[in-house]
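Trainee: Could we go through the contact between the two chains together? I'd like to start with the interface and then turn to the symmetry.
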2 protein chains.
Amino acid sequence: MIIIGERINASRKSIFEAIEKKDAKFIQQEAVNQVNAGAHYLDVNCGTNIKDEPKNMQWLVPVIQEAVDVPLVIDSPSAEALDSGLKLCKHKPIVNSITAEKERIKSIAPLVAKYNADVIALTITEEGMPHTAQQRLDIAKKIIEAVKEYKIDPERIYFDALVRPISTEPDQSKEFLKAIELIKTQTKSKTACGLSNISFGLPNRALVNSTYLAMAIYTGLDGALIDPTNKQMISILRAAEAITGQDEYCMNYITAFREGKCG
Amino acid sequence: MIIIGERINASRKSIFEAIEKKDAKFIQQEAVNQVNAGAHYLDVNCGTNIKDEPKNMQWLVPVIQEAVDVPLVIDSPSAEALDSGLKLCKHKPIVNSITAEKERIKSIAPLVAKYNADVIALTITEEGMPHTAQQRLDIAKKIIEAVKEYKIDPERIYFDALVRPISTEPDQSKEFLKAIELIKTQTKSKTACGLSNISFGLPNRALVNSTYLAMAIYTGLDGALIDPTNKQMISILRAAEAITGQDEYCMNYITAFREGKCG
């Protein structure tokens, strides 16, 4: 299970301000906390201030890499911002994200190829969001075909099948989980996603997010964009790894428990 | 989702002592606490003292029914103990349990029929425990056939597909979850089980049990024998119900949260 730390995102006020003030220490502390909590990758998103995004990405990447030695997930819809981050990555990065939209593939797939990156692909098209698990799989297959011309193998793609809120679209939660199973069994690609949309409008969102994570790990989720410093989230993740045979002799679970990171 | 409170079980020292001393108040408090926490049924097990089991069952059932107005799950391998409890039940009870073992069916199925009860059936045979999901389904089908002569319809059976410890049998956790799915899609019966075996030998057992419960609810579990006063367990159960469309507008989840029972 790949844990992608989601906390360095300018949609969070404290991160937005740290980027504006170029407060490297604050960003680095967020990076260190997430890696200590178990993150294998750190997502880097500074898209709130669109005007300065490429410049800010160029500042963020080395600041983070000074503090921690994990690969990064460069997160932007802008090719320019992606490029300014990707060119500074020390480790093989993940690009977040492409979609099935032709313009987006045309602008971003060349960067995935250029930097030999992995890539997160949202199962969304020009026509909008899919409803069924099968539609999500169909879009995934289209994306796999579309990026072949950039020599991007299916194994390098993490599909995000788009979690939707149970408060407004209760039938979508099962379609998403089934989509993970379909993509895992019918393509060579992987799956990764954020989970927080599921709990939109509900109290105690981390509880709903982490419960949904347990189900998604059972249906085959490979990567999760989460806040690894949230103890409830990481506890359920470790338990789910142990249950699904991703943690031999439950050693990660037991270690996390002993270190007080889980429980 | 049917919640069966598991706490009135003489394998717990405090319950054993309360039964020996005929401490009705203690038993009734356990009953009230579980119903307040959300239990729809209460399991009643006094099998530790085998000699006095029928007599103790006969004492327990009215004591519990004086305190709470929910149906009971009469839990014993002994036909005599079952009979002494079943005959006193005010509401339609569940018998816990039969298996595919001929002798056990012969002694217990007549009681299920006599009291028009529902029944929990363990997918176990004279040859022992099944390994695969398919074997569990095959045993379930055998039990459905075997109890037909007692006019027990498949709809009255809750199959317990036998949770096994991940610490010793890591491949069994997925087989159990698949078995629930198979039984739910290929028979007219329901599924119910305890979960605590999954975490045998591990620290923070409630975390592993509740994470597994989330997965089991996704694959179709209808009933869970749990401690509903365990907040972690009931929290994840409420979240899982909301996620899987068993809680319209998430009202149970939100109410449980507001009442401090969840979160």
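Predicted model: local features only at pLDDT ≥ 70, side-chain atom pairs only at ≥ 80, totals over all residues.

Trainee: How many residues of chain A are in contact with chain B?
Mentor: On the side of chain A there are 31 residues in contact, and they meet 31 residues of chain B. The area buried between chain A and chain B comes to about 2800 Å², and carbon and sulfur atoms give 79% of that area.

Trainee: Which three residues supply more than any others of the area chain A buries?
Mentor: Those are Met215(A), Tyr218(A) and Ile243(A), which supply 27% of the area that chain A buries against chain B.

Trainee: And how many salt bridges and polar contacts are there between the chains?
Mentor: The count of salt bridges between chain A and chain B is 0, while 6 residue pairs are in polar contact across the interface, with both residues at pLDDT 80 or more.

Trainee: Which elements of chain A give two or more residues to that side?
Mentor: They are helices H7 (172-186), H8 (205-219), H9 (231-243) and H10 (251-258) of chain A, and H8(A) gives the most, with 8 residues. By class, this side of chain A has 22 nonpolar, 7 polar and 2 charged residues.

Trainee: Switching to symmetry, what rotation superposes chain A on chain B?
Mentor: A rotation of 180° with 0.0 Å of shift along its axis does so, at an RMSD of 0.0 Å, and the two copies are therefore related as by a two-fold rotation axis.

Trainee: Which C-alpha of chain A is nearest the axis?
Mentor: That of Met215(A), which lies 2.5 Å from the axis. The same surface serves both copies, with 100% of the contact residues of chain A recurring in chain B.

Technical notes
Residues numbered from 1 in each chain as written. Chains lettered and ligands numbered in written order. Heavy atoms only, no water. Contact = heavy atoms within 4.5 Å. Buried area = accessible area lost by both parts, 1.4 Å probe. Salt bridge = Lys/Arg side-chain N within 4 Å of Asp/Glu carboxyl O. Polar contact = N/O pair within 3.5 Å; in protein donor to acceptor, adjacent residues only side chain to side chain. Helix = DSSP H or I, 4+ residues; strand = E, 2+ residues; numbered from the N terminus. Nonpolar A, V, L, I, M, F, W, Y, C, P; charged D, E, K, R; others polar. Least-squares fit on C-alpha atoms with pLDDT ≥ 70 in both.
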